[in-house]
Amino acid sequence: DEEKFRIKTYGFGELAQLYLPDATPMARLTDYASITRNKTLMEKLHNLGYMKKARLLTPEMVKEIVAVIGEP
């Protein structure tokens with residue numbers, strides 16, 4: 001049985017790996033860049049306290065990411 005995705009605190013790399021499990025770290029970095037170019041999502045994340053080079057995403061931030069790009 002596949003484990004259901006949980007909204008919780010994630011490291012940015014950990015969350016990226018859930019979205020792109022077979023991707024190389026460089027591919028995940030590219031995916032990160034595509035997220036940061038999404039102005040609406042980044043505004044929501046900044047309003048929740050996200051700062052450039054943050055390593056951890058709060059459950060509220062993860063919830064916004066999932067709302068915009070879907071579950072991994």
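**Close-up 1. Glu64 and its salt bridge with Lys44 in the predicted model****.** Glu64 is partly exposed, with a relative accessible area of 24%. Its partner in a salt bridge is Lys44, and the closest N and O atoms of the two are 3.8 Å apart. Lys44 counts as partly exposed too, at 34% relative accessibility. Because Lys44 lies in helix α3 and Glu64 in helix α4, the pair ties together parts that are 20 residues apart in sequence.

**Close-up 2. The salt bridge between Glu14 and Lys8****.** The count of salt bridges comes to two. In the one shown here, the closest N and O atoms of Glu14 and Lys8 are 4.0 Å apart. Glu14 has a relative accessible area of 39%, so this residue is partly exposed. Lys8 is partly exposed as well, with a relative accessible area of 28%. Side chains of opposite charge can pair when their charged atoms come close.

**Close-up 3. The largest nonpolar core****.** This core has 15 residues, and those that touch the most other members are Phe5, Leu15, Leu45, Tyr50, Leu57, Val62 and Ile65. Two or more residues each come from α1 (12-19), α3 (39-47) and α4 (59-69). Helix α4 gives the largest share, four residues. Leaving aside residues up to four places away in sequence, Val62 touches Phe5, Ile7, Lys8, Tyr10, Leu15 and Leu57.

**Close-up 4. Lys53 in the loop between α3 and β2 (56-57)****.** The phi angle of Lys53 is near 70 degrees, a positive value in a residue other than glycine. Lys53 counts as exposed because its relative accessibility is 70%, where exposed means over 50%.

Methods: Residues numbered from 1 in each chain as written. Predicted model: local features only at pLDDT ≥ 70, side-chain atom pairs only at ≥ 80, totals over all residues. Heavy atoms only, no water. Core = buried A, V, L, I, M, F, W, Y, C linked by side-chain atoms within 4.5 Å. Buried < 20%, exposed > 50% of the residue type's maximum accessible area, 1.4 Å probe, protein only. Contact = heavy atoms within 4.5 Å. Salt bridge = Lys/Arg side-chain N within 4 Å of Asp/Glu carboxyl O.
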